[in-house]
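Trainee: Please take a close look at one part of this model, the aromatic rings and the helices around them. I would like one connected account.

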Amino acid sequence: KANTDVIMELINFWPRGALAADAQGWLPLHNACAFSTARMIAERLIDIFPDALWKRTRAGKLPVDYAINTAQDSELIVFMEQSLIQKRDKENIGELVLAYKQTEQKSKSGKMATARRMKPISVQE
């Protein structure tokens, strides 16, 4: 096992490394979950590249799968599961907002089209 401080220094020195996958599709987050017991490493990698939570290896495994399979640290497993839920909820909220905006635009354009088709009403006194 590598020293946690050294790993954190490497991550901080080259944060773009969090996006680099190997030939098997493993990102640093997969490695952190499979071989590390330090939650702070996973946290930092997720801060840099949140989409890594959903990236699968060529074997079809998510980072959380490796955390569960190695069962090295229950705190890491709980953190990974919570991160997945939070990210999913944020994406769902984003999708809801987008859907609402699209619906709102459609209804506005529908009202405008209806208003254009209506004949003007003459007001008599």
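**The aromatic cluster and its helices**

Mentor: Phe 35 has a relative accessible area of 52%, so this residue counts as exposed. Keep in mind that the model is predicted. Phe 35 belongs to a cluster in which ring pairs also link Trp 26 and Tyr 66. The structure holds two aromatic pairs. In one of them, the ring centres of Trp 26 and Phe 35 are 6.0 Å apart and the planes stand at 20°, so this pair is stacked. Planes under 30 degrees apart count as stacked. Trp 26 is buried, because its relative accessibility is 17% and the cut-off for buried is under 20%.

Trp 26 also pairs with Tyr 66: the centres of these rings lie 4.4 Å apart and the planes meet at 45°, so the pair is tilted. Trp 26 sits in the loop between α1 (4-13) and α2, whereas Tyr 66 is in helix α4, so the pair ties together parts 40 residues apart in sequence. Both Trp 26 and Tyr 66 are buried.

Now the helices. The axes of α2 (residues 28-35) and α4 (residues 63-70) come within 7 Å and cross at roughly 10°. That angle makes α2 roughly parallel to α4. On the α2 side, the contact is made by Leu 29, His 30, Cys 33 and Ala 34. Helix α4 contributes Pro 63, Tyr 66, Ala 67 and Thr 70. By class, the contact of α2 with α4 has six nonpolar residues, two polar ones and no charged ones.

Notes. Residues numbered from 1 in each chain as written. Predicted model: local features only at pLDDT ≥ 70, side-chain atom pairs only at ≥ 80, totals over all residues. Heavy atoms only, no water. Axes fitted to C-alpha atoms, helices over the stretch in contact; angles between N-to-C directions. Helix = DSSP H or I, 4+ residues; strand = E, 2+ residues; numbered from the N terminus. Parallel < 35°, antiparallel > 145°, perpendicular 65-115°, else oblique. Contact = heavy atoms within 4.5 Å. Nonpolar A, V, L, I, M, F, W, Y, C, P; charged D, E, K, R; others polar. Phe/Tyr/Trp six-rings, centres within 6.5 Å; stacked < 30°, edge-to-face > 60°. Buried < 20%, exposed > 50% of the residue type's maximum accessible area, 1.4 Å probe, protein only.
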